[in-house]
Amino acid sequence: MFSITENISRTLTLIREAELRAGRPEGAVRLLAVSKTKPARMVREAASAGQRDFGENYLQDALDKMAQLTDLDLVWHFIGPLQSNKTRAVAEHFDWVHSIDRLKIARRLSEQRPVGLPPLNVCLQVNISGEANKAGVTPDEAPALAEAIVKLPNLMLRGLMAIPRPETEQAAQRHAFSQLRQLQERLKPQAPTMDTLSMGMSGDMDAAIAEGSTLVRIGTALFGARD
Ligand SMILES: *Cc1c(COP(=O)(O)O)cnc(C)c1O
């Protein structure tokens, strides 16, 4: 029988095993439960199993769920493509945005972050495999964007996010993740608040953890396939 509680516990065990294999401390890698398109009751079940971080791609879908879950203390991450007309609601309702790839969007989020809330945590999305028509800045563009974001008062630049081209070989998976980690190391002197590498999904989680991921984004393995 499909149980979200069991799926979370199994996934946390896999994360822990990967941490051990990589010689990383327990708890180095955070599980982001990607709940996009899934109903609020599934988020609630995951929360009762101890899960705090949830990832969403579609604004209205996310806002509807949040409204049903105000009694829970959850951390909401926006991980999908973000258009200008959606920034205000994202700045008002989310704790993190992983998909920043334009200064215009970052500026709007900073301006629209409500007074009284802590800075919005953001990651730059990097097109690490250099795929055409894929979201994210190129590694070459990342330093200038990072430098500009660091100056925005209501954002906190936490790190980098990537969705590399799917590869079946671990070596190829690791190569892409290692590029992202090295880019983060190069940016750190100008962006010392960067402590997050949002990399790794179900199929490449081990490789990502071996290369220093601090947050893996997992949806289907927790909540089942999306329609
Ligand atoms: C949907 C999504 C995921 C999770 O994908 P699954 O295949 O459901 O595990 C992770 N990261 C991003 C950016 C996504 O949009």
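Where is the place of P39? P39 is found in the loop that runs between strand 1 and helix 2, where helices (H or I, at least four residues) and strands (E, at least two) are DSSP runs numbered from the N terminus. The model is a predicted one, in which local features need pLDDT of at least 70 and side-chain atom pairs count only at pLDDT 80 or more, while totals for chains, interfaces and linings use all residues. Residues are numbered from 1 along each chain as its sequence is written, and side-chain values use heavy atoms, with hydrogens and water left out.

With a relative accessible area of 32%, P39 is partly exposed; here buried means under 20% relative accessible area, exposed over 50%, and partly exposed in between (1.4 Å probe, protein chains only). P39 and Q68 are separated by 29 residues in sequence, and their C-alpha atoms are 9.8 Å apart in space. The loop between strand 1 (30–34) and helix 2 (40–48) also holds T37. The phi of T37 is near 70°, a positive value in a residue other than glycine. As background, most residues other than glycine have a negative phi. T37 counts as partly exposed because its relative accessibility is 42%.

Another positive phi belongs to N133, at about 60°, although N133 is not a glycine. N133 lies in the loop between strand 5 (120–125) and helix 6 (142–150). This residue is classed as exposed because its relative accessible area is 86%.

The ligand comes next. Its surroundings are formed by V34, K36, N57, I79, I163, M201, S202, R217, I218, G219, T220 and R226, a residue being near a molecule if one of its heavy atoms lies within 4 Å of it. The shell around the ligand divides into five nonpolar, four polar and three charged residues. In this division, Ala, Val, Leu, Ile, Met, Phe, Trp, Tyr, Cys and Pro count as nonpolar, Asp, Glu, Lys and Arg as charged, and the others, Gly among them, as polar.

For R217, a side-chain N or O atom is 2.9 Å from a nitrogen atom of the ligand. Taken alone the ligand exposes 380 Å², of which the protein buries 87%; accessible areas come from the Shrake-Rupley method with a 1.4 Å probe.

I149 lies in helix 6 and is buried, as its relative accessible area is 1%. Between I149 and L117 there are 32 residues of separation in sequence and 18 Å in space, C-alpha to C-alpha. A207, placed in helix 8 (residues 205–210), is likewise buried, with a relative accessible area of 1%. The C-alpha atoms of A207 and A172 are 9.0 Å apart, with the two residues 35 apart in sequence. Helix 1 (residues 4–21) contains I4, which is buried at a relative accessible area of 2%. I4 and I128 are 124 residues apart in sequence, and their C-alpha atoms are 32 Å apart in space.

Definitions and conventions. Polar contact = N/O pair within 3.5 Å; in protein donor to acceptor, adjacent residues only side chain to side chain.
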